[in-house]
Amino acid sequence: MPLSETVYTSTVIPAILLVWLLSYLERILERILPEAVTRLFTPLFSILIAVPLTIMVIGPLAAAGANVVAAGYTALAVSFPALAGIIIGGAWQLFVLLGVHWGITPVILANHEQYGMDTFQVYQTIAVISQVGAALAVFLKTKKKEVRSVSFSAAITGLFGITEPAIYGVNLRFKKPFFIGIFTGAIASLVTSFFNAFSFVYTGLPGPLTIINTYSSDYPSSFWGVLIGTIIALVLPIVLVQIFGYGDDVDEETIDAPLTTAENR
């Protein structure tokens with residue numbers, strides 16, 4: 001039997017659809033089966049019914065949906081690359097907060113399969129680097145030893161494409177750095193979109209170390225555009241945090257003020 005070539009690695013869409021199906025299937029089986037055997041046979045029949053349905057129906061439907069989304073995003077990226085950059089560069093970390101960021105993997109894979117390149121991961125990379133820049137900005141701004149330690153380690157982890165420590169440990173904790181990261185991600189992605197930038201190799205964890213995947217001799221401006229966007233994403237949060245603070249630094253200044261006055265006396 002010919003089956004659809006569906007990739008399940010790092011995707012949540014088929015799992016969500018499968019669990020939704022099981023929520024109804026389990027109720028139906030519990031009504032049909034005798035009470036004496038329902039605990040034994042409900043899981044068994046659920047597997048026997050759900051697994052073939054996943055392989056033959058749910059998986060292909062999820063893959064087809066991903067292809068539709070990929071085609072829609074590609075149309076937006078081709079017609080309005082600046083708008084695509086602003087949306088993805090600014091909003092990507094919100095997907096991370098919701099825990100659904102791996103759900104976009106089939107869309108990226110579909111782009112690579114159909115076109116051999118993808119712009120989504122370009123802006124995804126910039127968004128990641130912006131949060132790294134925001135955590136680094138807090139490290140440079142704060143006077144608290146504990147905050148410096150956490151923000152520095154979070155920024156180092158972010159260099160490898162893992163932004164959760166930076167988001168939950170620093171940026172979202174103080175709120176202001178997180179929104180600065182969103183703003184700078186949108187700005188840096190907007191600038192990058194002017195350079196016809198693409199990612200030519202799929203990256204599971206995009207970040208500063210994976211910008212080499214945007215290099216291609218056929219698109220020489222791609223790498224330089226992402227490199228410029230990376231610099232903006234790292235530097236701009238530092239500048240903005242130095243100007244506007246990161247939130248908790250106001251308390252530090254309030255505490256330091258009386259001590260300074262007392263020392264002057």
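**View 1. Contacts of Ser-130 in a predicted model.** Ser-130 touches Gly-181, Thr-184, Gly-185, Ala-233 and Pro-237, leaving out residues up to four places away in sequence. The model shown here and in the other views is a predicted one. Ser-130 is part of helix α5, which covers residues 120-141. Its relative accessibility is 0%, under the 20% cut-off, so Ser-130 counts as buried.

**View 2. Helix α5 along its length.** α5 consists of 22 residues. From its first C-alpha to its last it reaches 32 Å, close to the 32 Å expected at 1.5 Å a residue. Because 19 of its 22 residues are buried, α5 is largely enclosed by the rest of the structure.

**View 3. The largest nonpolar core and the contacts of Phe-120.** This core has 20 residues, and those with the most contacts inside it are Tyr-73, Trp-92, Ile-104, Phe-120 and Tyr-123. At least two of its residues come from each of α2 (38-79), α3 (81-98), α4 (105-115), α5, α8 (176-193) and α9 (220-244). Another core, of 15 residues, lies apart from it and includes Ala-155, Ala-166, Val-241 and Tyr-246.

**View 4. The crossing of helices α6 and α7.** The axes of α6 (residues 145-158) and α7 (residues 164-174) come within 8 Å and cross at roughly 135°. This angle makes α6 oblique to α7. The crossing is left-handed. Among the residues making the contact are Val-147, Val-150 and Ala-154 of α6, and Ala-166, Gly-169 and Val-170 of α7.

Notes:
Residues numbered from 1 in each chain as written. Predicted model: local features only at pLDDT ≥ 70, side-chain atom pairs only at ≥ 80, totals over all residues. Heavy atoms only, no water. Helix = DSSP H or I, 4+ residues; strand = E, 2+ residues; numbered from the N terminus. Buried < 20%, exposed > 50% of the residue type's maximum accessible area, 1.4 Å probe, protein only. Contact = heavy atoms within 4.5 Å. Expected span 1.5 Å × (residues − 1). Core = buried A, V, L, I, M, F, W, Y, C linked by side-chain atoms within 4.5 Å. Axes fitted to C-alpha atoms, helices over the stretch in contact; angles between N-to-C directions. Parallel < 35°, antiparallel > 145°, perpendicular 65-115°, else oblique. Left-handed = near helix turned anticlockwise from the far one by under 90°.
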